[in-house]
Amino acid sequence: RVLNVNVGVLGHIDSGKTALARALSTTSSTAAFDRAPQSRARGITLDLGFSCLRTALPPQLGPGPGELQFTLVDCPGHASLIRTIIGGAQIIDLMMLVIDVTKGMQTQSAECLVIGQIACQKMVVVLNKIDLLPEGKRQSAIEKMTKKMQKTLENTKFCGCPIVAVAAKPGGPEAPESENPLGVSELIEVLKSQAYLPSRDPSGHFLMAVDHCFSIKGQGTVMTGTILSGSVSLGDSVEIPALKVTKKVKSMQMFHTPVTYAMQGDRVGICVTQFDPKLLERGLICTPESLHTIHAAIISLKKIQYFRGALQTKAKFHITVGHETVMGRVMFFSPAPADFNEEVQEDAFDFEKDYLYQEAYLSKDSNSSENKENDQAGEVQLPKQQWALLEFEKPVTCPKLCLVIGSKLDTDIHANTCRLAFHGVLLQGMEDKNYTETFLPKLKVYKLKHKEGQVERVMDDYSVIGRSLFKKETNIQLFVGLKVKLSTGEDGIIDGGFGQSGKFKIRIPDGLKPETKTLLTAASKKKSKAGKGDTTKEDESSKNDSVQPVTISLLFKRYVFDTQKKMIQS
C-alpha cells in the first residue's frame, strides 16, 4: 500500500524551493519543475509544480510493508503569485518553509507562514544554501539562524517545529550535477518523523483541483491534480464546470502507474474524451452538479493579525475562493450586542437571527467612537464570531463550505507588509444573479440610527414643538408614531409635522414635569428678550444662569436590506 502525504514547499522567491524539491524527489510528475517556458527563462516558478518522493513506511504509520509517498507541491514564491500559493495551500498536509540562511525571514516567508497557519497542521523549517556560509563559521551561523526562527515561530501554531539546515544545490544553479546536496537525507528522515495519517474521507462529492492539462493523441485529454474531496473510479462521469461539460473517465494514473480508483488527498491524472486542454489549464472538476457558481456569499471570518490597517465595510479585496481569485466588496456584520458571547457556529448561518451592521471588522485595534467611550469603562467587548457579505465582481465556482482568503494584492510588492487581510469559511453562496432582490432581504442585518433634535417651545402640558431632528425636505409622516425621549426624562411620541420648516409636534402622554416646563418657559423667554435688542443684559444674565436646551433623542433600527426601509423600535 502507498500512503500519500502532500508536502507544500513554500518560501520567499529565490530561497531555493525548486532546487530542494528536485533534490528530494525521485519521480517527477508532468507538472513538475517549472514546466512553463516563461518560467524557465525567468528562472522562477510560476505555477504549482508537483513531484514525489517515495520511502519505506515509517513505523509510526502502522505495521507491515508499504511505502510512504510525499507529493511535493512546489509553490511559487514570487509575490504576485500569491493567489497560486493560496490555491496550493488547500491541499497541503505538511508544510516546508524554505528560508535562505543568509537572509532569514523575508516578506513572503512571512506571508507563507500566515497561509500555513490557516491551511495546514504541521511544518518543517528548512534553512537552505548553507554552502554559502564559510565552513569555519557555518555551524555558529546555522545555530544563530535556528534560534532566530524559533523566536519567530513562538507565537504561531508551529511553535517548536523541526528546523533543518541543507544545501539543496551546492554551488548554485550553474554548479555541475556531480555536487551532492548537503543535509537532504537528514531532511527526509525529519519529514518521515513528521508524517501522519491525514484524515481522508472517500465519501461526499468528488472534487479535484486540476493544475495541469494536456492531450495525448488517440487517448484523450489528461487532467492532473489533487483530489480535494470524495473519490473517483473508472467510468465515472465528471463535470468541468468552467466549460459546462460532463466527461467520462477513460483511464487514471498515479505517478505513471495505472489505477482504477483514487480518493481524497491522492495526486492523480485522469484521462477523459478529447477536449482542448488550453481551455482548462487549471480549475476544478467534480461530481456533476455538486459545485455552485455564486455571485455573492456570506462568510464567517477572522482578521489576520499581521495585516496592518482596518478592514472597512464597502472596501474591495482580492477574494480567493477555491482556486479562483476575484475582486469583491465586503460588508461586515456582527451578532446583536446581546449575542456577543454566543457559541460560534462553524458550518451554518442562521437567517432567523438579527445581526448588527459594522462600518469595519471589530478587533482590539479598531477605533470606532463607541469603543472609545467603552474603553474608559474597561475592556472592549468583542463578539466571538463575525461575518461578512462578499459581493463578487464576477461569479465564482466553488464547493459549498470552502476556505476563503481576502487580500490586498495591489499593495506594493516590495513593501515589507502582509497583504493577507482575513480568512474565513463560506457558509452560504448566492447563485441567483438578482440576489439583491431575491436573497438579501432575508438577511436581517440592521443599523442603529440615533437622531437628536431640540425642544423649540411648550404648546401645553401634554405637547411640545421640536426642531433640528429632520431636514426640511424629510417626509415627517414616515416618523409619526415613533417614540422619542427628552433629555429631562419624559417619553414622547411624534405626532406630525408643524409648519413647513421641518419642525414637528411631540405628544407627551404622561405630561411634562413641572421643572421641565419651568426650564422651557425660561428658555423661550430669553429668546424673546434677545429679540428685543436688549443684548447687554442678556450677556450678563447668560453668565449667571445659562439654560441648557432640552434635547430630543430618537432611536430606531433599520434593516439594511429592507426594501421598505421600515423603522423599528423595540
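Student: Where is Gln-454 found?
Tutor: In this predicted model, Gln-454 lies in strand E24, which covers residues 445-460.

Student: Is Gln-454 buried, exposed or partly exposed?
Tutor: Partly exposed: the relative accessible area of Gln-454 is 25%, and buried would mean under 20%.

Student: How many residues apart in sequence are Gln-454 and Ile-552?
Tutor: They are 98 residues apart along the chain, yet their C-alpha atoms are 5.3 Å apart in space.

Student: OK, switching to helices. At what angle do H1 and H6 pack?
Tutor: About 80°, with the axes 10 Å apart. H1 is residues 17-24 and H6 is residues 184-194. Angles of 65 to 115 degrees count as roughly perpendicular, so that describes H1 and H6.

Student: Which residues meet there?
Tutor: From H1, Leu-20, Ala-23 and Leu-24; from H6, Val-184, Leu-187, Ile-188 and Leu-191. By class, that contact has seven nonpolar residues, no polar ones and no charged ones.

Student: How many residues are in the largest nonpolar core?
Tutor: It has 27 residues, and those with the most contacts inside it include Leu-20, Phe-70 and Leu-191.

Student: Which element gives the most to this core?
Tutor: H6, with five residues.

Student: What does Phe-70 touch, not counting residues up to four places away in sequence?
Tutor: Among others, Val-5, Val-7, Leu-53, Leu-94 and Leu-191. There's also a second, separate core of 24 residues, including Ala-297 and Phe-392.

Notes
Residues are numbered from 1 along each chain as its sequence is written. This is a predicted model: local features need pLDDT of at least 70, side-chain atom pairs count only at pLDDT 80 or more; totals for chains, interfaces and linings use all residues. Side-chain values use heavy atoms; hydrogens and water are left out. Axes are lines fitted to C-alpha atoms, for helices over the stretch in contact, and angles run from 0 to 180 degrees between N-to-C directions. Helices (H or I, at least four residues) and strands (E, at least two) are DSSP runs, numbered from the N terminus. Angles under 35 degrees count as roughly parallel, over 145 as roughly antiparallel, 65 to 115 as roughly perpendicular and the rest as oblique. Contact means heavy atoms within 4.5 Å. Ala, Val, Leu, Ile, Met, Phe, Trp, Tyr, Cys and Pro count as nonpolar, Asp, Glu, Lys and Arg as charged, and the others, Gly among them, as polar. A nonpolar core is a set of buried Ala, Val, Leu, Ile, Met, Phe, Trp, Tyr and Cys residues joined through side-chain atoms within 4.5 Å. Buried means under 20% relative accessible area, exposed over 50%, partly exposed in between (1.4 Å probe, protein chains only).
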